[in-house]
Amino acid sequence: MKNIMRFFPVIALGAVLALASCKDNGMGPSPVVDGVFIHSSLGNATVNVFADDPQFVVPIMRTNKSGAVTANLVWTSENTAIFSDLPASVSFSDGQDRVDLTIPVNTDLLEFGKPVKTNLSLEDCPTTPYGLSAATMNIVKPLIWEAWATGLYTSGFIGFVDPETEDDTYELEFTLERAKGLNMFRFPDLYAKGYDYVFEWDVDNQDTSIMPIGESATLGGTPVIYQNTGIRYTQVTGAYIYLFTDYDEDYTGYDPDTQTLWINSYNGVLDAGGVLLGGYGWFDDTFEIETFIQDNPWE
C-alpha cells in the first residue's frame, strides 16, 4: 500500500571607446555589397501554420534594386511531403528589392506540436555578408489550448505559493485546458512557469482513465510516466523534482460522481543525467471541478 504524506519543499569595468569620425581618419563610407538574402526573421525560426491558414511567407530581399536578378532556391526538409509547391527560384525585376514567397503546407501531414526542420539556401546569385544566404525553419502546427474547466487543485506534496497573498498553500484555484480538437489536456504552469502537467483523456467517450504524456519508466515494478515539475533540487546542481505518475486506474483517474480527478505520483529527484537520486514517496494530487467551461461529457 502506498503511503500518502505531506511535504513543503523547501562590477566590471566598462571599456571606453574613442570614436573618431571617418573624415578624421581619411576613410570614406563602407561600400554597399550588392546581393540577395533571406530575411533575418527566418534564421532558425519557428514557423506556425494552422489548418485554416495552411501557409507561410518567406521574404527574399536584395540590397540593390537595379537590374533583373534570379536566384535559385535549394530546399531540404525532414518531411518534404508536407509541401505541395516549393519554388525552385525567385526573380527580381528592375527596381524590385523584395519578393514574398507564399509556401503552402499540408497541415494534415503535420503532428500537433512536432516541428519539421526545413532548410532553405540561395545559389547561383550574388549574396551579401549583411544578410542570410541560408536559413533553417521549424515548421509546426501548434496546439491551441482552450479553457475546459475550473476548480480546486490540491497538492499532496509540493504545495504552491498563492499568487495573490504569496502564502504557502496546498490548495489553489486552477484552470484545466484542452487542446482544440484533441483529447489532450494540461494544467499550465502547474508547479513552475513553463512546466505544464500534460495528459490524454478521452472524455468524449466518458473514459475515466487518463494517460500522462512524458517519459516511460518502471519504478519498483510499477509502470510510470514522469514529467518535470520545474522545481529545482537545490542540493545537487541540475537536479529537479519529477512526478512519476502511476497511471493504473486504481490510482489515477476521474470520478464523475464527485467531478474529481485523482493523480497518484511518486515524487522523485532526477539529476542532469537522468539518474534517480531518491524521492519523497507516493502522493495524491486532486482536481475537483467546480465549473465546466465547455460541455460536461457526463451529462
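I take a nonpolar core as a set of buried Ala, Val, Leu, Ile, Met, Phe, Trp, Tyr and Cys residues joined through side-chain atoms within 4.5 Å, where buried means under 20% relative accessible area with a 1.4 Å probe, protein chains only.

I am working on a predicted model, in which local features need pLDDT of at least 70, side-chain atom pairs count only at pLDDT 80 or more, and totals for chains, interfaces and linings use all residues. Residues are numbered from 1 along each chain as its sequence is written, and side-chain values use heavy atoms, with hydrogens and water left out.

Cores. I found 31 residues in the largest nonpolar core, with W148, Y153, F187, F199, W201 and L261 making the most contacts inside it. Among the elements giving it two or more residues are β9 (145-154), β13 (184-192) and β21 (276-292), strands being DSSP runs of E of at least two residues, numbered from the N terminus. Another core, of 29 residues, lies apart from it and includes F56, F83, F92 and L110.

W148. Beyond its neighbours within four places in sequence, I listed its contacts (heavy atoms within 4.5 Å), including L176, F185, W201, I289 and P297.

Sheet. I read an open sheet of five strands in the order β2-β8-β7-β4-β5, with mixed pairing, a pair needing at least two DSSP bridges. Because β2 (45-48) and β5 (89-92) are at the edges with a single partner strand each, one side of each has no neighbour in the sheet. Strands β7 (residues 116-123) and β8 (residues 134-140) run antiparallel, joined by six bridges, and T118 has M137 in β8 as its bridge partner.

Whole chain. I noted that 40% of the 299 residues count as buried.

Technical notes. Helix = DSSP H or I, 4+ residues; strand = E, 2+ residues; numbered from the N terminus. Buried < 20%, exposed > 50% of the residue type's maximum accessible area, 1.4 Å probe, protein only.
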